[in-house]
Amino acid sequence: MLRRIALALFLTLAGLGVLGYAVACGYVALPFGLTVNFPGFSGDAIPETELAQRIQLPPGFHINTYASGIPNARFMAFTPIGDLLVSAPREGAIYLVERDADGDGVADAPPRVLLGRLNQPHGLAIHREWLYVAEADGVFRIRFDPETHSVIGRPERIITGLPAGGNHWTRTVVVGPDEQLYVSVGSSCNACVEDDARRAAILRFGLDGSGEQLYATGLRNSVGLAFEPQTGALYATDNGRDLLGDDFPPCELNRVVEGGFYGWPYAHGNRVPDPDLGADHADRIAASLPPAHAFGAHTAPLGIAFYVTPPTHPPTAFPPPWDQAAYVAQHGSWNRSRKSGYQVVALFFDADGGIREEPFATGFVRADAVAGRPVDVAVGPDGALYISDDFTGAIYRVAYGQAARADAVAPPTAAHGDPL
């Protein structure tokens, strides 16, 4: 009851704008974990002259800005010839960043709008001749010609009627090794019992959108989905609930199996009951699957990519052991007295199923001042790791060895063309 009263006070202050003023002056701490330390929605780009000094990487790695000027840059997908597609949900657009044909580590042309007037597009997948785009309420596909960098025809809306709105509106789509579509749908709330079973879940469909299945449940907000290349196992990042203090619950990486229940909203982490909703659900909690790995609380893990060395073995490809890792973008906290996350981490899987986490790209936050918020990670055809940042609208490139003149070349800025 007291927690609910505190939450009502929190929402009242937010509505009156009091929290906005207070957060601008530092952070706000109310009882029962109601701490606000918000980073803001956008900020200035990190100057190229400062980027390498600010962002800390393991020895031998280099970072540069690959492209910039993509508002709210979120999820990415490389095309067969090496162009990069980037979703911009607040713009309702998909951007195309032309490949780095001259090898200087920077995109050859400014980003341009490939598709516009969309409904909060987020997840992207390219499979055969199709580009799949996950919007807030469904998924469409459209034919894509990589050689001409263009789409063909009109969108075909193959999945409609997904529950939209609420706290977690992003939808992610990936194509599995079984030639099926996997779509994540986040919860509508921080902690509640959903009316629609498709919330806080991963759904599975045929490539044409047919045969909807409820694949896995109890996943509060699984934004990042990726299949491990060797085993074909599906892994999903998951954002833990808020308003339970600085250090609980952990965010999660889950190994997702068909029919699996992962605890939310009744439990968190390794079957720890939720203080508000866990009572009287001991059987469900006991049957829930614990995470494969626990991230820090409120780090907000989003995009995940398993590193796969390109067949051409480019000189910028990652060396051992970094070529055996998965990479996760941590968007960063708001419900914490000191900020956490705001980095890219590497995950190393051992033969016994254990996972070790190490920082890979850090420095996007210093002394609680935010300079970037990583969202997604993708391995490029050059073997570099690409990082999207929705705070600055930039795409960063992290390569091993020489930076291939990237430090001396200014990144191209987006050109806003006419949407489709």
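**Stop one: a cluster of rings**

Select Phe61, Tyr307, Phe318, Trp322, Tyr327, Phe348, Phe360 and Tyr400: ring pairs link them into a cluster. Rings of Phe, Tyr and Trp (its six-membered ring) pair if their centres lie within 6.5 Å; planes under 30 degrees apart count as stacked, over 60 as edge-to-face and the rest as tilted. You're looking at a predicted model, where local features need pLDDT of at least 70, side-chain atom pairs need 80 or more, and totals for chains, interfaces and linings use all residues. Residues are numbered from 1 along each chain as its sequence is written, and side-chain values use heavy atoms, leaving out hydrogens and water.

By the ring rule there are 19 aromatic pairs. Phe61 lies in strand β3 and Trp322 in the loop between β22 (301-306) and β23 (326-330), so the pair ties together parts 261 residues apart in sequence. Strands are DSSP runs of E, at least two residues, numbered from the N terminus. Both Phe61 and Trp322 are buried (under 20% relative accessible area, 1.4 Å probe, protein chains only).

**Stop two: the sheet**

Now pick out the open antiparallel sheet, β3-β30-β29-β28; strands pair if DSSP finds at least two bridges between them. Its edges are β3 (61-67) and β28 (374-379). Phe61 stands opposite Tyr400 in β30.

Key: Helix = DSSP H or I, 4+ residues; strand = E, 2+ residues; numbered from the N terminus. Buried < 20%, exposed > 50% of the residue type's maximum accessible area, 1.4 Å probe, protein only.
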